[in-house]
Amino acid sequence: MDSASGARKIISQREREILVLVAQGFTNIEIGERLSITRTTVRTHLENIFAKLCVCGRTEAVVKYFFAAESKKQIVPLRTVHTHKTAP
């Protein structure tokens, strides 16, 4: 089992939500606002994701995570994150 597919199994639901928002281009502050958590908490989740995927940054994490999903035919739709904020 490669590190990407192994990490897919140990990444939490919240970490998946954050990866989806990162893939959509949101900043840590914007992700925190959408998920009602602090940007420090977002950063901590991202650091945990980077360690689990053995990557150094946001782009590499998104590519590795979603490539593993695609290679296993487990496509993760980008619109799976439910936020607490409503549109104006």
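**Exercise 1. At what angle do H2 and H4 pack, and how far apart are their axes?**

This is a predicted model: local features need pLDDT of at least 70, side-chain atom pairs count only at pLDDT 80 or more, and totals for chains, interfaces and linings use all residues. Residues are numbered from 1 along each chain as its sequence is written, and side-chain values use heavy atoms, with hydrogens and water left out.

Step 1. Two packed helices are described by the angle between their axes and the distance between the axes. Axes are lines fitted to C-alpha atoms, for helices over the stretch in contact; angles run from 0 to 180 degrees between N-to-C directions.

Step 2. The angle between H2 and H4 is about 95 degrees, and their axes lie 10 Å apart.

Step 3. Classify the pair. Angles under 35 degrees count as roughly parallel, over 145 as roughly antiparallel, 65 to 115 as roughly perpendicular and the rest as oblique. H2 and H4 are therefore roughly perpendicular to each other.

Step 4. List the contacts (heavy atoms within 4.5 Å). From H2 come Arg14, Glu15, Ile18, Leu19 and Val22; they meet Val42, His45, Leu46, Asn48, Ile49 and Lys52 in H4.

**Exercise 2. Describe the packing of H3 against H4.**

Step 1. The axes of H3 and H4 are 8 Å apart, at an angle of about 105 degrees.

Step 2. H3 and H4 are therefore roughly perpendicular to each other.

Step 3. On the H3 side, Asn28, Ile29, Ile31 and Gly32 make the contact; on the H4 side, Arg39, Val42, Arg43 and Leu46 do.

**Exercise 3. How many helices and strands does the chain have?**

Step 1. Apply the rule. Helices (H or I, at least four residues) and strands (E, at least two) are DSSP runs, numbered from the N terminus.

Step 2. The chain has 5 helices and 0 strands. Along the sequence the pattern reads α-α-α-α-α.

Step 3. Gly25 follows H2 with a positive phi, near 95 degrees.

**Exercise 4. Which residues of the largest nonpolar core touch the most other members?**

Step 1. Buried means under 20% relative accessible area, exposed over 50%, partly exposed in between (1.4 Å probe, protein chains only). Of the chain's 88 residues, 38% count as buried.

Step 2. A nonpolar core is a set of buried Ala, Val, Leu, Ile, Met, Phe, Trp, Tyr and Cys residues joined through side-chain atoms within 4.5 Å. The largest core has 19 residues; Ile18, Leu19, Ile31, Leu46, Ile49, Leu53 and Ala61 touch the most other members.

Step 3. Two or more residues of this core come from each of H2, H3 (28-35), H4 (39-53) and H5 (58-71).

Step 4. Check H2 (residues 13-23). Its buried residues are Glu15, Glu17, Ile18, Leu19, Val20, Leu21 and Val22.

**Exercise 5. Is His45 buried or exposed?**

Step 1. His45 sits in helix H4. Its relative accessibility is 18%, so His45 counts as buried.

Step 2. Leave aside neighbours within four places in sequence. His45 then contacts Arg14, Glu15, Ile18 and Ile37.

**Exercise 6. Why is the pair of Tyr65 and Phe66 edge-to-face?**

Step 1. Rings of Phe, Tyr and Trp (its six-membered ring) pair if their centres lie within 6.5 Å; planes under 30 degrees apart count as stacked, over 60 as edge-to-face and the rest as tilted. The count by this rule is 1 aromatic pair.

Step 2. The ring centres of Tyr65 and Phe66 are 5.1 Å apart and the planes stand at 90 degrees, so the pair is edge-to-face.

Step 3. Tyr65 and Phe66 are both buried. Phe66, in helix H5, has 16% relative accessibility.
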